[in-house]
Amino acid sequence: MDEIDKGSRTLGLPIAFHGTVIHSRRLNELEILENCFLLVDKAGKIQTLQAGVDPNEINSIISDLGYTPDVFPIKYLQRGQFLCPGFVDTHNHAPQWTQRGIGRGKTLMEWLNNVTFAHEAKFADAEYAKRTYSSCVSGFLRHGITTASYYGSLHGEATQILADICLEKGQRALVGKCNMNRNSPEWYRDASVEDSLHQTQELIQHIQTIDPDNKLVRPIITPRFAISCEPDLLSGLGSLAKEHPDTPIQTHFNEAKGEMMLTKELFPQFRNEVELYKSYELLTDRTILAHCIYLEEEEIEALRELRCGVAHCPISNTTMDFFMAAPIREYLRRGIKVGLGTDSGGGHSASMLDSMRQAFVVSIARQDATDGQDPALSMAEGFYLATLGGAQVCGLDEKIGNFAVGKEFDALEVHCDDNLGIMTPVEDDDSISTIFEKWIMTGDDRNIAKVYVCGRSVKV
């Protein structure tokens, strides 16, 4: 934490910046504001955002806002430095932090049974959970992920530890205990339907205790997928969702052909996964559906009507046994909420920048497969999915996702003017938009000098 951040936070003062600010207004509108004055109040909310401000005018603006000039410091961003919103990771398996990149070329079910379940079983050890989750949350914060929707393991205690660590380190998070009582090894499944539901209820109560107003952390109901849940468990989770109407829900959805075939064998009474999850009352406007590769027309329209969100995970979808390109353009065309997910161990990178880059690749593949009917994502659209789009999927767009006045200041301070040889060099004649594109396409976490959540500096 530099002296500006340290002084302001210690004294409970506002923080302020002058320089370039970049954020999404909507899907196709990337706003680049130069000579911008941004002030964050003591509560961590954006109080003013004004572009084209001469530095000599700042004291007058501060006075008009009811503050005494020179009481709190102002950070002046130089050329090649800018603020942008923090990244929102809509699909992340926290226990898989230490298995990223393992198991390439396997089918989904092979990867789960031969790699993932054995690894996740380690989280029965609370001390192991503390070490690993501490590293995980710190790592994602370093990558600028200020909000993450986490799947925990099936262990209630370990998942409560994950929630504790997110709160302690200052990451905004949705935290869910994975519900799974069948179709996994006997040593890695819930003991019973009742036990699975009880541990889920305990997690909800625990988070209500540690963060009563859900300022940073909130629970999320998390059936791993239908394959891993007996009908009574899905029914019980649907009842929990009704008992806690503000609690979000997440699951995997139409992820791979093998998974879809097995789901139909287990639930022959349903024509598709929309019908299945809807019957258990698990599809709502607060549901996050990961992957969504092979949806039928009926299912796409149902997601639109139900206002479910899609977590697009382009890295994991293209590095397992098949190259799977989700029809993201079609979802966007229908007005369905879409955000990006790193998918942690299913993917090989903790970087949202990498997820954006792979989303561009996947969208080009879709453009080719549809003879141009699904145009590739633009730079503005990819950034939207990583920020405001992800906030919408997580039900947090009224609080975060861009720099609208009144929202909480979840932000990255990006420095592209270093000499580390990380990214494409910034040249004297580069425009701000060119510098921004160079960072998106060639930069990494080392360019992220500061990470803020609700106005608090959290990157260690």
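Analyst: Two elements, strand S6 (87–93) and helix H3 (108–120), each put at least two residues into the lining of the largest cavity. Of these, H3 gives the most, with 3 residues. (Helices, H or I with at least four residues, and strands, E with at least two, are DSSP runs numbered from the N terminus.) Keep in mind that this is a predicted model, where local features need pLDDT of at least 70, side-chain atom pairs count only at pLDDT 80 or more, and totals for chains, interfaces and linings use all residues. Residues are numbered from 1 along each chain as its sequence is written, and side-chain values use heavy atoms, with hydrogens and water left out.

The lining has 15 residues in total, and His 93, Leu 108, Trp 111, His 252 and Glu 255 lie nearest the centre. A cavity here is a set of points on a 1 Å grid over the protein atoms alone where a 1.4 Å probe fits but cannot get out, and lining residues have an atom within 4 Å of a point. By class, that lining splits into 5 nonpolar, 7 polar and 3 charged residues; Ala, Val, Leu, Ile, Met, Phe, Trp, Tyr, Cys and Pro count as nonpolar, Asp, Glu, Lys and Arg as charged, and the others, Gly among them, as polar.

Now the second largest cavity: its lining includes His 312, Arg 329, Arg 366 and Asp 374. Helix H12 (328–333) and helix H13 (352–369) are the elements giving two or more residues there, and H13 has the largest share, 4 residues.

How values were computed. On a 1 Å grid over the protein atoms alone, a cavity is a set of points where a 1.4 Å probe fits but cannot get out, and a pocket is an open set with protein on both sides within 12 Å along at least five of seven lines; lining residues have an atom within 4 Å of a point.
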